[in-house]
Amino acid sequence: MPEDPTLSPEVRTQLARFVARAWSDESIRREFARDPRAALAEAGVDWPDELPPPDLPVQPDQAIDLESLESSAGGALGTIGTVSCPTGCFSGGRGD
């Protein structure tokens with residue numbers, strides 16, 4: 001496993017769009033909770049095999065633009081298993 005995995009801008013965008021869809025679609029959230037890798041793959045997110053699937057962040061109370069979400073999605077892998085976001089949108093937990 002690589003020591004410092006990074007996501008390409010394309011994967012960050014894919015993940016951000018997936019999160020946005022999951023926030024508005026209960027069936028996507030349920031599928032992600034059941035099998036995160038399958039849900040990501042079905043949505044076209046090319047998640048690296050060597051990384052554990054990310055937690056689905058809790059939807060923030062305030063609006064967040066796609067650029068901020070993409071940035072946060074990429075920053076979520078600063079260290080494996082640690083999720084971070086300057087706006088608090090990746091504070092952990094699943095968005096059930």
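F18 is buried, at a relative accessible area of 2%, where buried means under 20% relative accessible area, exposed over 50% and partly exposed in between, with a 1.4 Å probe and protein chains only. The model is predicted, so local features need pLDDT of at least 70 and side-chain atom pairs count only at pLDDT 80 or more, while totals for chains, interfaces and linings use all residues. Residues are numbered from 1 along each chain as its sequence is written, and side-chain values use heavy atoms, with hydrogens and water left out.

**Aromatic pair**
- A search of the whole structure finds one aromatic pair, and this pair, formed by F18 and F32, is tilted, with 5.6 Å centre to centre and 50° between the planes (ring centres of Phe, Tyr and Trp, the last by its six-membered ring, lie within 6.5 Å; planes under 30 degrees apart are stacked, over 60 edge-to-face, the rest tilted).
- Because F18 lies in helix α1 (residues 9–24) and F32 in helix α2 (residues 26–34), the pair ties together parts that are 14 residues apart in sequence.
- F32 also counts as buried, at 2% relative accessibility.

**Helices**
- The secondary structure comes to four helices and zero strands, these being DSSP runs numbered from the N terminus (helices H or I, at least four residues; strands E, at least two).
- Among the buried residues of α1 are V11, L15, F18, A22 and W23.

**Whole chain**
- Of the 96 residues of the chain, 35% count as buried.
- Among contacts with a separation of 6 or more, 64% come from residues 24 or more positions apart, contact meaning heavy atoms within 4.5 Å.
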